[in-house]
Structures are given as C-alpha cells and as structure tokens.
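Hi there,

Here is the structure I promised to pass on. My notes follow below it.

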Amino acid sequence: MDKSKLVFDSVLDLIGNTPLIRLQKITKGFKGNYLAKVESFNPGQSSKDRIALHIIEEAERQGILKPGDTIIETTSGNTGFSIAMVSVIKGYECILAVSSKSSADKIDMLKNMGAKVYVCPANVKADDPRSYYEVAKRLHNEIKGSVYINQYFNKLNTAAHYHTTGPEIWNQTEGKITHLVACSGTGGTISGTAQYLKEQNPNVKVIGVDAFGSVIKKYHETREFDEKEIYPYRIEGLGKNLIPTATDFDAIDEFVKVSDEESAHSARELAKTEGLFSGYTSGAAVQALKQLNEMDYFKPTDNVVVIFPDHGSRYMSKIYSDKWMNDQGFFDTQNEEAAQSIQY
Ligand code: PMP
C-alpha cells in the first residue's frame with residue numbers, strides 16, 4: 001500500500017510496507033549488520049494482517065465469501081485479531097477458537113474487535129476433540145456459508161508473504177540481504193519470504209527460530225515426526241506440536257531453538273536498548289541472533305534481516321509483568337523489587 005498518502009480509506013490500506021529498522025545496541029560487538037522488519041507497524045500490530053487480507057481477498061476473488069458470511073479460525077491471538085479487523089471492514093462474522101495459552105489481553109482484544117471467541121485447552125493433542133483445531137473444524141461443519149482459514153494448512157498463508165514480505169525486504173535492502181532470521185509457527189512468514197528471496201538470490205541463507213518443546217527443528221533435520229520433542233512451553237506463536245503444510249521445509253536452511261526464559265529477557269532488553277517494545281517472539285528472534293553470534297556464525301559483511309512479528313502491548317500480563325517473570329522463575333532473585341531494576 002502507498003503509505004505516503006495523507007488520507008486512507010480504511011485500516012486495510014495500511015497493511016504491509018513495514019519499516020526495516022537497524023539494530024544499534026542489542027547486536028553491539030556482533031559481526032555483520034542487523035535490520036529488523038518491524039511488523040507491529042501494521043494496523044493490527046502484527047505480521048498476521050498480511051495473511052488475513054490476502055486469504056480473505058483470495059476467497060472473495062474465488063466467489064467463496066459473500067457479504068454476511070462467517071470466517072472461522074484457530075489462532076494464538078494475532079491471526080484472530082487481524083481476521084477480526086478485516087472482517088469488521090468487509091462485513092463478515094468472525095469466530096475464533098484460541099488456545100488457553102493466549103494472554104487474557106489478547107482474548108479481550110479479539111472480543112472488542114467483534115469476534116466470537118472459544119477458549120480451548122492448550123496442552124491436548126491436535127486431534128483431541130477439545131483442541132482448537134477440532135473445535136474450529138466442528139464449527140465450520142455446523143455453520144453454513146462459513147470459511148475456515150486454517151492457517152497451518154493453507155498455502156495462501158505462505159503466498160501472502162511471498163507476495164508482500166519477501167519483495168519488501170528485497171527492495172528495502174536493495175538486494176543486499178544475506179540472511180533471513182524468522183520465527184516459525186505456521187511457517188508462513190519464513191517460508192513465503194524465503195521462497196521469494198531465494199528466487200532473487202539462491203545464496204540467501206534462511207534460519208528458522210523454534211522453541212524447545214516443539215517438533216519443527218527435529219522434523220526439518222530428519223523429516224520424521226518425533227513425539228518425544230513435544231512438551232509444554234510458554235512462548236506463544238512459535239514452534240508446534242504438529243507439522244504445518246504451510247511450512248516449506250526445503251526453503252529453510254536450518255533452525256535454532258530458543259528457551260522461554262532467555263527469549264523473555266531478550267524481548268525486555270530489546271525495549272530498553274532499541275526502544276522497540278516488541279512481542280515474545282521478537283525476543284526469541286533476538287535470542288537466536290545471540291546464539292548464532294556465540295557460534296561465530298556471521299561474517300562482518302553479512303546483512304541479516306530479522307523479523308519482529310508483533311507488538312509488546314499484547315504481553316503486558318506476561319513477559320512485561322515482573323510478577324509473571326518472577327512466577328516463572330525467570331528472575332535470578334526471588335525479590336520482585338530487586339528484579340525490576342535489572343539492567344540489560
Ligand atoms: N510470532 C507471533 C507472535 C505469532 O503470532 C506467530 C504466528 N503464529 C509467529 C511469530 C510465527 O509466524 P508464522 O505463523 O508465519 O510462522
């Protein structure tokens with residue numbers, strides 16, 4: 001969209017064309033140049049605005065969606081918010097089945113954006129009838145004229161990033177990008193962006209960020225689903241207990257796993273060093289950069305683009321709450337007040 005305009009017809013006109021912001025301090029001493037693609041500049045404050053708009057407009061083009069129809073999705077919050085936002089403007093009903101791991105703030109935001117929200121248990125298997133996948137499928141079958149976005153298994157999710165995020169990064173770096181570092185949840189962001197960038201320059205290296213407790217990294221390495229990899233973790237939107245077909249594993253060169261605790265501290269550090277108040281997975285992406293730097297992975301001439309998927313305001317009751325950090329045992333000290341004054 002053309003953001004140089006002075007007046008816009010709706011929030012939809014402001015989706016995409018997010019800035020690349022140079023990381024100045026948090027990567028100090030690292031070899032290479034680091035640029036963050038800050039997706040919180042989308043009107044719904046996350047990268048998911050892109051997929052909501054792309055998938056809904058594709059369904060309209062194909063005549064699948066008509067005014068007044070219902071859009072259903074499973075979501076960790078961000079996709080739901082974006083779908084709800086696009087539905088408000090375009091006049092659709094929006095039903096969201098969300099994980100109980102999602103923050104209370106996120107759920108309240110969805111409701112205030114006009115969505116009907118079903119909260120489903122987080123730590124059940126994907127094929128359990130209580131899982132948010134199964135709840136969404138059931139509602140889709142029950143409601144006539146409904147569309148199930150199904151972001152984990154929808155190639156249009158990946159295509160949205162192939163058509164927008166990829167070309168934007170290529171143009172913004174004037175083709176000089178050498179590495180892309182991005183979190184993988186559905187895998188849509190990393191895969192679509194990687195596909196586009198590798199078409200322009202096959203030498204661009206793509207590094208995915210995965211969570212301890214998720215099967216994605218192991219699957220990438222072995223192409224086998226290893227249930228032993230799965231255990232509960234705190235980061236929302238990153239990693240998975242199933243293999244999403246929206247992920248193009250061949251477009252990704254390698255994965256780095258990050259911990260809940262270090263990712264939370266990296267997000268807090270990002271705010272205090274770069275003035276970027278970002279979400280938990282942005283902290284995870286920074287944590288991955290730190291681990292890669294420890295491994296002496298990058299060269300001084302490398303131009304590394306790292307994707308920051310969403311805004312910190314969605315995590316006030318989690319990583320930005322000292323009480324929550326303390327409750328998780330993420331502060332070295334048990335004294336909450338002392339922990340508050342931690343300097344990064
Ligand atoms: N970060 C956050 C906060 C997210 O909500 C998501 C989406 N699940 C991701 C990262 C990962 O993006 P993708 O689904 O495109 O892999």
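**Between the domains**

Three salt bridges are counted between domain 1 and domain 2, a salt bridge being a side-chain nitrogen of Lys or Arg within 4 Å of a carboxyl oxygen of Asp or Glu. Please keep in mind that this is a predicted model, where local features need pLDDT of at least 70 and side-chain atom pairs count only at pLDDT 80 or more, while totals for chains, interfaces and linings use all residues. Numbering runs from 1 along each chain as its sequence is written, and side-chain values use heavy atoms, with hydrogens and water left out.

Domain 1 covers 11–46 + 162–328 and domain 2 covers 47–148; these bounds come from an automatic or database domain assignment. The contact (heavy atoms within 4.5 Å) draws 36 residues from domain 1 and 26 residues from domain 2. Together the two domains bury about 2,300 Å², with 49% of it on carbon and sulfur atoms; buried area is the accessible area (1.4 Å probe) that two parts lose on being put together, summed over both. On the domain 1 side, Leu12, Ile15 and Arg314 lose the most area to domain 2, together 28% of what that side buries.

**Around the ligand**

The ligand is surrounded by 16 residues (a heavy atom within 4 Å), and the closest are Gly185, Thr186, Gly187, Thr189 and Thr281. Threonine 189 places a polar side-chain atom 2.5 Å from a ligand oxygen atom, and threonine 281 has one 2.7 Å from a ligand nitrogen atom.

Enjoy looking through it!

Conventions: A polar contact is a pair of N or O atoms within 3.5 Å; within protein, one must be able to donate a hydrogen and the other to accept it, and residues adjacent in sequence count only if both atoms are side-chain atoms.
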